[in-house]
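Student: Please pick one part of this model and take me through it closely. Start with the whole chain, then zoom in.

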Amino acid sequence: MESVQDFFVVQPTIVTERLVLRPISMQDAPEIFAYCSREEVTRFVIFATHQSIADTEAFIASIVGNDEKGMVWVIVLKDTNTVIGTIGCHRVDIANKKLEIGYALSNDFWNQGITTEALLGLIKTIFEQTTINRIEALAKIANTASTAVMKKAGMQFEGVLREYALIKGHLETMNLYTILRSDLK
C-alpha cells in the first residue's frame, strides 16, 4: 500500500504562528478524548463519538505505526501546550502524486482561524518537502464550516460527489476541494 511515509523520511513537526503540529502519540489520548467525546465535534467526521478513553486509545493505536493510514498530527496550542485537534494525510496515491487531508478540532476553539492555520501549515509543508502535486479535502454538504476552512486555505471547489462515502451507516454526498502545487505560485 502506498503511504505518505514514502514522501516524508520522518514525519515533521510543523510550527505556525499559534500552533505546533506534531505526530500523534498515545500520551495524547486524554486530551483527544476530551473533544472526540462530544457529538458536536464528531457530527461531520467519519469516526464515531468516543464513548470512553479506550475508544480514543484504539483510534490512536490504529494510526501510530500504520503506514497505510497515512500520517496524523495533533494540533497543539503553542502558548499552553494543549492538544486541541488532529489533522492528517490519508488516501495517498504516490503514482498520481496526490493525497487527502482531514481534520477535527475541539469546539472550544472553533471560529478562531485555528483549523485554517493548521491546514495552511500542512499544505505548505507537503508542497515544500514532498513531490505531492494535488491535495484534496472532502466535507459533507451540510458542513459549511469545513468548506469555509478549505476556501480560506486557498482550496478550490471541484464538485459534488453524490453518495460518495458510507459514514456512520449513511451514504453521504460530499463537496470536493483541492489545491495544486501550481496554485501556490
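Tutor: A residue counts as buried under 20% relative accessible area, as exposed over 50%, and as partly exposed in between (1.4 Å probe, protein chains only). By that rule, 48% of the 185 residues of the protein chain are buried. The model is predicted: local features need pLDDT of at least 70, side-chain atom pairs count only at pLDDT 80 or more, and totals for chains, interfaces and linings use all residues. Residues are numbered from 1 along each chain as its sequence is written, and side-chain values use heavy atoms, with hydrogens and water left out.

The protein chain has five helices and eight strands. These are DSSP runs, numbered from the N terminus: helices are H or I with at least four residues, strands are E with at least two. Their order from the N terminus is β-β-α-α-α-β-β-β-α-β-α-β-β.

Now the sheet. Its eight strands follow the order S1-S2-S3-S4-S5-S6-S8-S7; the sheet is open and its pairing mixed. Strand S1 (14-15) and strand S7 (156-167) are the edges; each has a single partner strand, so one side of each lacks a neighbour in the sheet. Two strands pair if DSSP finds at least two bridges between them. Strand S4 (residues 82-93) and strand S5 (residues 98-105) have seven, in the antiparallel sense. Within that pair, Thr 86 faces Ala 104 in S5.

Next, the helices against the sheet. Contact here means heavy atoms within 4.5 Å. Axes are lines fitted to C-alpha atoms, for helices over the stretch in contact, and angles run from 0 to 180 degrees between N-to-C directions. H4 lies across S1, strand S2 (19-23), strand S3 (71-77), S4, S5, strand S6 (134-140) and strand S8 (170-180), at about 155° to S5. Helix H5 (residues 144-152) lies across S5, S6 and S8, at about 160° to S6.

Zoom in on one residue of H4. Thr 125 belongs to this helix, residues 114-129. Thr 125 is buried, at a relative accessible area of 8%. Leaving out residues up to four places away in sequence, Thr 125 touches Phe 8, Pro 12, Ile 14 and Thr 130.

Last, the cysteines. A disulfide is a pair of cysteine sulfur atoms within 2.5 Å; the whole structure has zero. For Cys 36, the nearest cysteine sulfur is that of Cys 89, 18 Å away. Cys 36 is buried, with a relative accessible area of 2%. Cys 89 is buried as well, at 1%.
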